Amino acid sequence: MPTVCTTIKVSKDGQYILATGTYKPRVRCYDTYQLSLKFERCLDSEVVTFEILSDDYSKIVFLHNDRYIEFHSQQGFYYKTRIPKFGRDFSYHYPSCDLYFVGASSEVYRLNLEQGRYLNPLQTDAAENNVCDINSVHGLFATGTVEGRVECWDPRTRNRVGLLDCALSSVTADSEINSLPTISALKFNGALTMAVGTSTGQVLLYDLRSDKPLLVKDHHYGLPIKSVHFQESLDLILSADSRIIKMWNKNSGKIFTSLEPEHDINDVCLYPNSGMLFTANETPKMGIYYLPVLGPAPRWCSFLDNLTEELEENPESTVYDDYKFVTKKDLENLGLTHLIGSPFLRAYMHGFFMDIRLYHKVKLMVNPFAYEEYRKDKIRQKIEETRAQRVQLKKLPKVNKELALKLIEEEEEKQKSTWKKKVKSLPNILTDDRFKVMFENPDFQVDEESEEFRLLNPLVSKMSEKRKKKLRLLNQPELHEQEEEEPEGKPSDAESSESSDDEKDWVEEVRKQRRLLHQEERMKRQERIKEDQQTVLKPQFYEIKAGEEFRSFKDSTTKQKLMNKTLEDRLKLEAKNGTLNVSDTAVGSKQLTFTLKRSEQQRKQQEAEKLHRQERKKLRRSASHLKSRHKRGWPFH
């Protein structure tokens, strides 16, 4: 499945295995004869459960989690209908062709497949029904309720014929129950046997002739029972919750074996007349288990029997239990190099196998004082253990000494606790290479004067005083030895001060730190004000670049005011100054013409060019006038 498999079933002829899963919701059919996937059909919503009505895959009914009931035929989807309430389980009554649906309602809905219509429902005394099953021998219909009861109905008369209070019967002296047990699994076996699973992890075995259970089996996990199956050949019951599958004898209740998959279990299916087991798990792959004790392998995988027979008949051990592996160097130490190539040594990889008895005899002859050496080693180990309990000088790093001392103290406390209780040892930061730079690089030094450090660690001042005292003691070993020689009955001044510091409340410490921080901020603010008052402001002169003119500071303010105005105001102002011309076009739109602003120097230059052009025009006019007078013969003045 893409992500999760929810339910799995086998067809009556044993040829097809159908499984539903998500996401996206789908059903897959596997053909065991071809050992391949037969088909895959995607569905509109997730499947709660399904039932195979025919011997093969040609008639299937799916119950969806959105109240829809979907019928599939051999070619695919056939018909879809809906029930009034959300369904949780259903069963098919073959003699009357009725489908019985139970769910979040007190009614059991009946859908007749021959007439194609709903019949009058069965009215139960329960608020809701979880599971149901029909006895294949006499057709008795049973439904499990949320109140922990099982109601039995006769489909012929549509009357209730029995009521079992399983919640009361499931409570035993050994069981611990925190809530009301509800019925989560139900299964008939034969005409008189019925197994009931509860939401608190108990399985009750009933004889229909009695209202008392024959046997109560507890899974001891407190998880709801997902499914219950009967194994006829060995008189076993297979009960499964989301964590484990237990197989136990239905007569004595003795555990036969158990299976605990890696992922949670959603459904269990036992292949008929075989020792194969299928599980639908919270994982893409479905679990397949083969237990030869339960029965033979199915016909489509008969090779499993051959494999198990070969494993039983030819047990091969790859490790020599009665031999000792020795290398060539070990043989030289024992003086047995002359045995290389003889039957006493068997070459293997980079050494040899030799008989363990021969090895012990030769070792005893070569080293007769081995026991004395072993005894001395044990005594040396005991002495080292006693030395470790003495006061030792600790080598602290150069950076973050107080943090290192804190970690060492915590490690010692953990070791003391592990001596009393079995606690898993965690890696130490001091010995971890990932944090080595923190005790070598000065950039990682903890700033104890920072505001964050003082506020987030209200008791850090008290703890730091203790560690500073220990640091002084470690730096002065002579003083440390003198303090150790003090009599036990008289506590030192340091211990009395520590006990008095421990009595302070951490809230007062936080308030004290906050007051100190406010005072420091006030002092810094006053110092800044004094510095500002003492400073004398001097005028600063700036040199203007060549070719540029000085503009007053008012231009920047007017420009800023102009930028704060709207676009409409700016356009009106520019039209007033003559830099903008608005005209209407023939199409009906507006045309804007902008004239760029020029500097004062450019304006003067343009005025000079204009005067020059005017003077030249005057000169040309006067010259042309003189030429005309000369042609007429008039004298020059």
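Where is the place of K24? K24 sits in the loop between β2 and β3, with strands taken as DSSP runs of E at least two residues long, helices as runs of H or I at least four long, and both numbered from the N terminus.

## Ground rules

This is a predicted model, where local features need pLDDT of at least 70 and side-chain atom pairs count only at pLDDT 80 or more, while totals for chains, interfaces and linings use all residues. Residues are numbered from 1 along each chain as its sequence is written, and side-chain values use heavy atoms, with hydrogens and water left out.

## Cis peptides around Y23

Y23 is also in that β2–β3 loop, between β2 (16-22) and β3 (26-31). A cis peptide bond links T22 to Y23, with omega at about 5°. Another cis peptide bond joins Y23 and K24, and there omega is about 15°.

## Positive phi without glycine

H220 isn't a glycine, yet its phi is positive, at about 65°. Look for H220 in the loop between β20 (215-218) and β21 (225-231). H220 counts as exposed because its relative accessibility is 59%; the cut-offs are under 20% relative accessible area for buried, over 50% for exposed and partly exposed in between, using a 1.4 Å probe and protein chains only.

N273 is another non-glycine with a positive phi, about 55°. Its spot is the loop between β25 (265-270) and β26 (276-281). At 78% relative accessibility, N273 counts as exposed.

With a disulfide defined as a pair of cysteine sulfur atoms within 2.5 Å, the count comes to zero. C152 is in no disulfide, and the nearest cysteine sulfur, that of C166, is 8.9 Å away. C166 is likewise in no disulfide, its nearest cysteine sulfur being that of C152.

Why does C152 count as buried? Because its relative accessibility is 7%. C166 counts as buried at 0% relative accessibility.

## A negative surface patch

D447, E449, E451, E452 and E521 gather on the surface in a patch of negative charge. Patch residues have over 30% relative accessible area and no salt bridge, with like charges joined within 9 Å and nonpolar side chains (Val, Leu, Ile, Met, Phe, Trp, Tyr) within 5 Å. A salt bridge here is a side-chain nitrogen of Lys or Arg within 4 Å of a carboxyl oxygen of Asp or Glu.

As for D447, its place is the loop between α6 (401-420) and α7 (451-456). D447 counts as partly exposed, since its relative accessibility is 46%.

Technical notes: Areas by Shrake-Rupley, 256 points an atom, 1.4 Å probe, with all protein chains shown as cover. Lys, Arg positive; Asp, Glu negative; His and termini not counted. Charge placed at Lys NZ, Arg CZ, Asp CG, Glu CD.
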